[in-house]
Amino acid sequence: MKKVLVATEKPFAKAAVESMKQIITAAGFEFVTLEKYKTKEELLSAVALVDGIIIRSDIIDRDVMDAAKNLKIVIRAGAGYDNIDLNAATEKGIVAMNTPGQNANAVAELIFGMLIYLIRNKYDASVGSELRNKKIGIHAYGYIGRIVALIAKGFGMKVYAHDPFVDRVLVENDGVQYEANVEDLYKKCQYISVHLPANEKTKKLLNYDLLSKMPEGATLVNTARKEIIDEAGLVKMFETRPDFRYASDITPDNNAEILEKYSQRYYCSSKKMGAQTHEANNNAGLAAANQIVNFFVKGDKSFQVNK
Ligand code: 3PG
């Protein structure tokens with residue numbers, strides 16, 4: 001009997017886990033969980049006899065794959081898969097998948113919560129700013145970016161987007177102004193929401209040069225990954241631009257330093273919470289469970305990311 005493990009250091013909602021269990025067991029597979037684990041050793045021992053693993057931001061590196069001798073498939077229930085060693089997976093013939101778009105709405109809604117919190121000065125009753133008639137720049141126009149655009153329009157914002165991998169026509173058909181040049185996006189938009197994946201090309205892409213192009217009242221929201229920001233450049237922005245604000249759903253390495261000096265213009269979630277809604281847990285968890293069943297039963301490799 002195939003054995004499927006859900007390994008989540010940050011667990012899904014109980015109802016989502018229950019639904020995943022039903023899907024997996026109805027297909028005749030064994031379903032096991034490892035939640036809120038504290039050490040890599042716990043993960044290494046939990047994967048020993050499993051054929052498939054469903055994870056969130058949990059690290060699936062070569063050690064984990066070495067320990068999981070029967071492993072055929074890893075599904076990242078979510079968008080970003082920088083937590084899986086894809087080269088090791090490919091070498092070992094392990095299929096890696098994600099569940100694109102399933103948690104996008106949850107992340108997009110949070111962006112506006114964070115943005116308003118900061119531009120209203122963390123609700124300290126001092127004079128803040130509004131979103132209406134302001135320009136928002138969406139850096140990377142995927143599932144999340146498109147929903148951000150939709151919500152931003154509801155707020156009466158002017159919406160701009162930069163994404164070299166997305167057709168200009170698709171962006172314009174959404175009523176969004178396409179910016180071919182990333183610097184133009186930053187020059188034009190006081191508010192920027194970034195949705196880049198973490199990889200070699202995007203590492204430290206948001207540096208001082210780029211950020212300092214933002215106009216007065218610059219507020220950056222990062223619900224993507226910490227690796228995409230040059231942290232020295234971020235500190236320099238706080239130092240040289242008293243108007244600059246930064247909201248992050250991922251803790252930067254120099255969190256304590258920024259918090260100590262610039263707490264009024266800075267917000268960082270204590271744990272990544274963009275996808276942490278009942279709805280997103282259900283959507284991503286169920287998609288992952290169905291994908292794993294379809295892979296084992298029909299050999300379906302849709303959503304494979306290590307081709
Ligand atoms: C993603 O890539 O899907 C998001 O960053 C959510 O990550 P999480 O599942 O760890 O909350």
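## Residues around the ligand

The model is predicted, with local features requiring pLDDT of at least 70 and side-chain atom pairs pLDDT 80 or more, while totals for chains, interfaces and linings use all residues. Residues are numbered from 1 along each chain as its sequence is written, and side-chain values use heavy atoms, with hydrogens and water left out.

## Polar contacts and burial

Oxygen atoms of the ligand lie 3.0 Å from a polar side-chain atom of Arg56, 2.6 Å from a backbone N or O atom of Ala79 and 2.8 Å from a side-chain N or O atom of Lys272. The ligand taken alone exposes 320 Å², of which the protein buries 94% (Shrake-Rupley method, 1.4 Å probe).

## The largest pocket

The largest pocket has a volume of about 1300 Å³, and of the 46 residues that line the largest pocket, Ala79, Gly80, His195, Leu196 and Pro197 are the closest to its centre. Its lining divides into 21 nonpolar, 16 polar and 9 charged residues. The helices α5 (104-119) and α6 (143-154) each supply at least two lining residues, and α6 gives the most, with 3 residues.

How values were computed
Polar contact = N/O pair within 3.5 Å; in protein donor to acceptor, adjacent residues only side chain to side chain. 1 Å grid on protein atoms, 1.4 Å probe; cavity = no way out; pocket = protein on both sides within 12 Å on 5 of 7 lines; lining within 4 Å. Points joined across faces, edges and corners; volume = space filled by probe spheres on them. Helix = DSSP H or I, 4+ residues; strand = E, 2+ residues; numbered from the N terminus. Nonpolar A, V, L, I, M, F, W, Y, C, P; charged D, E, K, R; others polar.
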